[in-house]
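I wrote down each thing as I looked it up.

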Amino acid sequence: MNKRLLALLSVLVIASMALAACGTPATEAPAPEPTEAATDAPTEAPAPAAFECTDAIGCVTVAPGDPIHIAYALTVSGATASLGDDSRGAIEIAIADRGGELLGHPIELSGEDTLCNAEGGQAAGTKISADPTIVGVIGTNCSSEARAAMPLISQAGMVMISPSNTNPDLTNPDHPDAHPGYFRTAHNDLFQGRIAAEFAYNELGVRSVATIHDGSPYAESLQKVFADVFRELGGTVTAQEAINVGDTDMGPVLTTIAAGAPELIYYPIFEPEVALVTSKAKEISGLENAILMGADAGFSDTFPEAAGSAAVGMYLSGPYVDVNNPAYGEFLAKWADQIGGVPPSGFHAHAYDATNMLLNAIEQVAVVDADGTVHIPRQALRDALYGLSGFAGLTGNLTCDANGDCATGEALGVFQLSQAEVDGAWPPPVFWQP
Amino acid sequence: MQSLKRFSWTDVFMWVVGAALLTLIVVGSYLTLQQGKYTTVQWFDLAVFGLAQGSVYALIALGYTLVYGILRMINFAHSEIFMSGAYIGFFVATSMQRSGFLRENPVLGIVFIFLTAMTTSAILAILLERIAYRPLRGAPRLVPLITAIGASFFLQYTFRGLFGTQNRAYPEIDFIRGAIPLFGSFQIQKIQLIVIIAAALMMAALAFFVQYTKTGKAMRAVSEDKSVAALMGIDVDKIIVRTFVIGASLAGAAGVLYCFMFRIVTFYMGFIPGLKAFTAAVLGGIGNPPGAMLGGLFLGIFESLGPTLFLDGLGIPAPYQLKDVIAFTMLVMILIFRPTGILGERLSKTKA
């Protein structure tokens, strides 16, 4: 009985495999029958030769009426959801700006939740790379996600443009974390760390600092850049401590830091840990007067409320978009209209630019057949993005270099939180700009 | 001669590992203290942080250990009982904060938060026992264990579905903020004092309850032998429900104290404290309430003092990342050299 069942199952499996194998070429190559064309229109010019894909890493073919498929890989749930919601809203606005259509095809946006950790990035990368209809990806939010997802997405021939990955390794050609097809509109942390350190040393006039990271590639490298530049400027780094994601009791680590009596603590970590450190720090004897400074990971509308009154006066280094730019005002109006409220974090403009860059590049390289079929050569798409220069986006004029860095690092600022943000106002006003 | 025969190389290896770790701890502590980087005040602060955190672990651990003592099962859904108490406490606290009640009558408000949280946790535990565990009373021991894990997921994702995935900020209660100066430059945060005292009171009350009340005696009897206890006229089901209620109330209270300290509520918040409390229960000797208290405090203090004391002097950078390594290494070492835990009972044949 069991053997029979097994035999039946294997027959079914084989049959489904065979069917699937037959299915793919049929949809991929809807070449018109040459005889038909000859009999139907004998007097017209001969039909153009069917598109032949000569691209090194293949083409995406979109049949008439089928959507052009792009995906997002963002952290849209949990503690870091404001970061993902912020980017996702901007992507939706960029698509809506085009009426949801590209080259006469509807734009389909599918998404994966990346959870701001390597596991989430891995899962999202696996799912996205398995879907050959996806042309490009907007994501990820956290550098840890990109590190796990990018090898898969790069292997699948897709491009990925990140609105908020800032880890320097991702675009360092000598580092194994850099992969072809990866771009970002976010600043590289080599800029952010330097600006934060210069702000602390020159503007605030502090001479001793301590840093805390959470072991994520983003936080670890950012605090390292910060500490290195601060030492270069002539300051002292009293401690470079670390916590684990998921820790709640920050008292012990802060007490250890207090032993070095730093004037400023820089902790570029995510929610909820950034709020836990903030609310605890002022209670530690020896740190009552220490200046607190976070980074773009804490730049989220839920953070000041979670940290409470301890966040008043705290600084955050992060992405800065010129609020007087009329295009940005227009974007915010669209946000209020389509999504409601204000963007909850700081990388919406970067995500908007990323989406527009991707859609423009698709438009630029796509080959459209007479019947409306669109062919998108993947390597050409990458080349178009690597060659992008002077793209006027919300975050400035973007020019991508050969490593995938498209932002210049000019769009950075330092923000200061006040009681208004703790009571729910967002975003905070910019305090200083390099 | 007899002892020589029982001698095995595994034992030798374990003793060597144990001795190496002990040396590491002693040398590390000596070097750290030699450096004189930390003042007495800072050591005191670290100990207080550990004590406060440990008190919360201990309160949760009691729930694991009480249920284990009676049913010989690990109630893995206990961490979600803790989370539910914290969540309900959060809703009560937020609404009272908004209406201003908490500012005018802080003591009454805080008592009310505790009562609602403990009641909710207790009700949830009663339901859990009735629906998920009682039907499986006679089943093999692994069955209720798996059910408990399932119940844990069920509760976690019910809360996720009801209240979302985001972290919620607990209101700041002014009454419990600020520091109390002791002597010299020593001081203690009000909230830590409250946590330590509240936990100590509850544990003392529990010890009294188990030792001197009728229900407590019945609990001990059921724990010794269910069928004999039933023959003596004890309603075993009722006692089991009461045990669940006591454990859950303590977990609910722990949830409130945890929120007072860390001001954060999420559906996932029970997992790590639950795991640590379970560790504490095993560390102290599972099934033994004083052991759970001791294990919790031990674990809290080790986590707080350990990284600085043991590792700083050895020049290990960012030692606090290794906090959990220290905690779990300690668990493994204690289980190797004292398999029943610090205060572990000798398991009799009928119990095992």
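This is a predicted model: local features need pLDDT of at least 70, side-chain atom pairs count only at pLDDT 80 or more; totals for chains, interfaces and linings use all residues.

**Entry: chain B as a whole**

I listed the secondary structure of chain B and found 14 helices and four strands. I then took the span of the C-alpha trace along its principal axes, which is about 60 × 50 × 40 Å.

**Entry: one residue of chain B**

I picked B:Phe114, which sits in helix H6 (residues 106-133) of chain B. Is B:Phe114 buried or exposed? I found 21 C-beta neighbours inside 10 Å, and the cut-off for buried is 20 or more, so B:Phe114 counts as buried. Leaving aside neighbours within four places in sequence, I noted that B:Phe114 is in contact with B:Ala253 and B:Val256. I also looked up B:Val26, which is 88 residues from B:Phe114 in sequence and 42 Å from B:Phe114 in space, C-alpha to C-alpha.

**Entry: where chain B touches chain A**

I looked up the contact between the chains, which takes 28 residues from chain B and 31 residues from chain A. On the chain B side, the elements that give two or more residues are helix H3 (40-71), strand S3 (187-189) and helix H13 (289-311) of chain B. H3(B) has the largest share of that side, with six residues. I sorted the chain B side by class and got 12 nonpolar, 11 polar and five charged residues.

**Entry: the domains of chain A**

I turned to the domain assignment of chain A, which gives domain 1 (60-188 + 323-410) and domain 2 (190-321 + 413-432). Each of these domains is written as two stretches of the chain. The C-alpha centres of domain 1 and domain 2 of chain A lie 29 Å apart. The contact between them takes 27 residues from domain 1 of chain A and 21 residues from domain 2 of chain A. On the domain 1 side, helix H3 (81-97), helix H5 (143-155) and helix H12 (348-365) of chain A each supply at least two residues. H5(A) gives the most to this side, with three residues. The residues of this side divide into 12 nonpolar, 13 polar and two charged.

**Entry: a sheet in chain A**

In what order do the seven strands of the open sheet in chain A lie? I read the order as S9-S8-S10-S11-S12-S17-S18, with mixed pairing. The edge strands are strand S9 (236-242) and strand S18 (430-432) of chain A, and each pairs on one side only. Neighbouring strands of the sheet are turned by 30° against each other on average, direction ignored.

I followed one pair further. Strand S12 (residues 315-319) and strand S17 (residues 412-416) of chain A run antiparallel and are joined by five bridges. A:Ser317 has A:Val414, in S17(A), as a bridge partner.

Helix H7 (residues 217-233) of chain A lies across strand S8 (208-213), S9 and strand S10 (264-266) of chain A, and runs at about 170° to S8(A). Helix H8 (residues 251-258) of chain A touches S8, S9 and S10 of chain A as well, and its direction makes about 165° with that of S9(A).

**Entry: backbone exceptions**

Most residues other than glycine have a negative phi, and most peptide bonds are trans. I searched for exceptions.

- The peptide bond from A:Glu271 to A:Pro272 is cis, with omega near 0°. A:Pro272 lies in the loop between S10 and helix H9 (273-281) of chain A.
- A:Trp426 and A:Pro427 are joined by a cis peptide bond, with omega about -5°. A:Pro427 lies in the loop between helix H14 (419-422) and S18 of chain A.
- A:Leu115 has a positive phi, near 60°. I found A:Leu115 in the loop between strand S4 (105-113) and helix H4 (118-129) of chain A. A:Leu115 is buried, because 26 other C-beta atoms lie within 10 Å.
- B:Ala318 has a positive phi, near 50°. I found B:Ala318 in the loop between H13 and helix H14 (323-337) of chain B. B:Ala318 is buried, with 20 other C-beta atoms within 10 Å.

Technical notes: Residues are numbered from 1 along each chain as its sequence is written. Chains are lettered from A and ligands numbered from 1 in the order in which they are written. Domain bounds come from an automatic or database domain assignment. Two residues are in contact if their C-beta atoms, placed from the backbone, lie within 7 Å. Ala, Val, Leu, Ile, Met, Phe, Trp, Tyr, Cys and Pro count as nonpolar, Asp, Glu, Lys and Arg as charged, and the others, Gly among them, as polar. Two strands pair if DSSP finds at least two bridges between them. Axes are lines fitted to C-alpha atoms, for helices over the stretch in contact, and angles run from 0 to 180 degrees between N-to-C directions. A residue is buried if 20 or more other C-beta atoms lie within 10 Å of its own, exposed if 12 or fewer, and partly exposed in between; C-beta atoms are placed from the backbone.
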